[in-house]
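This report describes selected helices, side-chain pairings and packing contacts of one protein model. Please consult the sequence and the structure below while reading.

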Amino acid sequence: TISHPLVKTVSAYIDEHIQSNISLDELADQVHMSKYHFLRKFKELTGVTVHSFIINKRLIKAVSELKEGKSVTQVYQDSGFTDYSSFLRNFRKTFGVSPGKYHNVY
C-alpha cells in the first residue's frame, strides 16, 4: 500500500510542497486522475483520507523540528499549517499535549 506508486508519488509531492497550501487538484494531477477517482483510490490504498495524510505528514515534520529546538511559531509555519489554532488543535488531538509542552519535554 505505502509502496504503491500512487502513494509514493503523492507522498513525495507533499514532502516537496509541505509549506504550501496543497490542493486536491494538484495531487490528482500528479497521478493523472480525476479528483474524485484519486480520493477514492488513495483512501482504498492507505486507509486514510488525503487530508488526514497531509496533516499527519505536517505533524511528523513539526515534531522533528521541535526536537531540533526550533520555536513553536517557526515550527507551525515551516510545517505548512495556515494558522496556529489549526496546528494546536491537530497537535493536541494527535499527541495529547500542546506543542509548547512537547517542546519543553523533548
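A residue is called buried when its relative accessible area is under 20%, exposed when that area is over 50%, and partly exposed in between (1.4 Å probe, protein chains only). The model is predicted: local features need pLDDT of at least 70, side-chain atom pairs count only at pLDDT 80 or more, and totals for chains, interfaces and linings use all residues. Residues are numbered from 1 along each chain as its sequence is written, and side-chain values use heavy atoms, with hydrogens and water left out.

Contact is taken to mean heavy atoms within 4.5 Å. Apart from neighbours within four places in sequence, P99 touches L66, V72, Y84, F87, L88 and F91. Between P99 and H51 there are 48 residues in sequence and 21 Å in space, C-alpha to C-alpha.

**Helix 4**

Helix 4 covers residues 50-67, and its 18 residues should span 26 Å at 1.5 Å a residue; the expected span is 1.5 Å times one less than the number of residues. The end C-alpha atoms are 26 Å apart, in agreement with that expectation. Which residues of helix 4 are buried? They are V50, F53, I54, I55, K57, R58, L59, A62, V63, E65 and L66. These buried residues pack against helix 1 (5-16), helix 2 (24-30), helix 3 (35-46), helix 5 (72-78), helix 6 (84-95) and helix 7 (99-105). Just after helix 4, G69 adopts a positive phi of about 95 degrees.

**Salt bridges**

Side chains of opposite charge can pair when their charged atoms come close. A salt bridge is counted when a side-chain nitrogen of Lys or Arg lies within 4 Å of a carboxyl oxygen of Asp or Glu. By this rule the count is 6.

| Salt bridge | Closest N to O distance |
|---|---|
| K70 and E65 | 3.6 Å |
| K70 and D78 | 3.7 Å |

Salt bridges with shared partners join K61, E65, K70 and D78 into one network. Within helix 4, K61 and E65 are 4 residues apart, about one turn of the helix. An α-helix has 3.6 residues a turn, so residues three or four places apart point the same way. K61 is partly exposed, at 27% relative accessible area, whereas E65 is buried at 6%. K70 is partly exposed at 31%, and D78, at 11%, counts as buried.

**Helix 1 and helix 3**

The axes of helix 1 and helix 3 come within 10 Å and cross at roughly 105 degrees. Axes are lines fitted to C-alpha atoms, for helices over the stretch in contact, with angles from 0 to 180 degrees between N-to-C directions. Helix 1 is therefore roughly perpendicular to helix 3, a term for angles of 65 to 115 degrees. L6, V7 and V10 of helix 1 make the contact with F38, K41, F42, L45 and T46 of helix 3.

Conventions: Helix = DSSP H or I, 4+ residues; strand = E, 2+ residues; numbered from the N terminus. Parallel < 35°, antiparallel > 145°, perpendicular 65-115°, else oblique.
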